[in-house]
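Welcome! Try each task before reading its solution.

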Amino acid sequence: MENTKASNSNGSRRGLGVDLKGINRTWSKRTGTLFVYAWHGAGAPQIGKYKGKNRAEAERAEREDSAGLAGRYSDAVGSSVPHLRVFAGVIARYREWMLKHSDLADSTKELRSIYLDEINEVFGECTTREMQAQGIRGIIKGWLRSMEHSPGKREACQGTLSTVYTWAVDEEIMHRSPMKGIAHQKQASNRAHMIWSVDQVELVAQTCPEALQRAIWLLWHTGLRTVDLCKLNWNHIHWDKRLIIKRCQKNSVDAYIPITDDLEILLRQCPKVSTHVVTNTLGQPYKNEKSFQKTLLKKIRKAGISDLTLHDLRGTRATHVFASGVSDADAEKIMGWASGRGGKMRGTYGDPDTLGIAAANRLRAKG
């Protein structure tokens, strides 16, 4: 029997040839041949065959043929879209279908793309077979549990992954979805009592470089969602009207945010090194909301704050808006909520104690 040693390698190990994800190398000691396949599994096309007195010599021959190997790999699996044998390929094809053929709103497509990126980062290199095999369900549940402190994100990731599976089964790319029956995390009816104090914001800011300090204070003063703050441009700042007018990505509603004296000071401190108001320490805009959230969330946890979320900054701002005595309709305009949602949002975000004290103070001021 031929003495072979198979290795399902992604090409990232030292000493091997080009770094191509999913490549499978099989060394035959009997024939002194290194066989290279485009992926692991039945039907994988052979894209390289290298002779040597030993494996090291065959691998040197492979490295010398790196350009040719890369070309044949590209022809086998496609240079722009991953092959369907890996889950990244399934995600890529679902994304293409979603953008071209689904009737989702553009804002929803953009949001879903963020969560597709999140899923791809975690599961993209798994094979499609592995994503259906026994045991994957437990892995997915563990991943979802890791987001227990971000229930909104967990819900969105779970729903998006389930949608990808359902689409793939319908398209006969996959034969089953392990998502069925995975319980959704129960969320509290509201987080109105989860209020960021000035001291807590300052505590986090002390752990941050200047660029992030400005970002967290902008979240505090504006109440913008993180995705909208990341896309806040200087042309959204209307100094003459003392307003920030920003269309919210979630619902395509404009938020009319008053520029207070403190907010103006903060905005004036932001360097105009980009069309974006919020930039990283290198003066570059964040690639996406996800990288911005991860960076800032690490600082929040480093500061020892474990019970508050980034979205609670928006809830805190909403409480302050309601505490100022504005109507539900006016709050809708300031926060960028859809018409008629102000009353519900008052119940969701308005901290009862804060609103009660503010109402009493307003009455006392009137004599």
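pLDDT is the predictor's confidence in each residue, on a scale from 0 to 100. It matters here, as this is a predicted model.

**Exercise 1. Find out where the confidence is lowest and where it is highest in the protein.**

Solution. Next, go element by element. Strand β1 (residues 4-7) has the lowest confidence, with a mean of 39, while β5 has the highest, at 97. Finally, look at residues 1-18, where pLDDT stays under 50. For this stretch the model has 55 contacts beyond four places in sequence.

**Exercise 2. Work out the order of the strands in the open sheet, and say which strands lie at its edges.**

Solution. The edge strands, each pairing on one side only, are β5 (237-238) and β7 (254-258). Now zoom in on one pair: strand β6 (residues 243-247) is joined to β7 by five bridges. Within this part of the sheet, R247 stands opposite D254 in β7.

**Exercise 3. Describe how helix α12 packs against helix α14.**

Solution. Two packed helices are described by the angle between their axes and the distance between the axes. For α12 and helix α14 (residues 342-349), the angle is about 115 degrees and the axes are 9 Å apart. Angles of 65 to 115 degrees count as roughly perpendicular, and α12 and α14 are therefore roughly perpendicular to each other. The crossing of these two helices is left-handed. On the α12 side, the contact is made by H311, G315, A318, T319 and F322; on the α14 side, by G342, M345, R346 and Y349. Sorted by class, this contact has four nonpolar, four polar and one charged residues.

**Exercise 4. Describe the crossing of α12 and α13, and list the residues that meet there.**

Solution. First the geometry: the axes of helix α12 (residues 311-323) and helix α13 (residues 328-335) come within 10 Å and cross at roughly 140 degrees. This crossing is right-handed. Then the residues: from α12 come R314, R317, A318, V321 and F322, and they meet D328, A331, I334 and M335 in α13. By class, the contact has six nonpolar, three charged and no polar residues.

Conventions. Residues numbered from 1 in each chain as written. Predicted model: local features only at pLDDT ≥ 70, side-chain atom pairs only at ≥ 80, totals over all residues. Heavy atoms only, no water. Pairing = 2+ DSSP bridges. Helix = DSSP H or I, 4+ residues; strand = E, 2+ residues; numbered from the N terminus. Axes fitted to C-alpha atoms, helices over the stretch in contact; angles between N-to-C directions. Left-handed = near helix turned anticlockwise from the far one by under 90°. Contact = heavy atoms within 4.5 Å. Nonpolar A, V, L, I, M, F, W, Y, C, P; charged D, E, K, R; others polar. Parallel < 35°, antiparallel > 145°, perpendicular 65-115°, else oblique.
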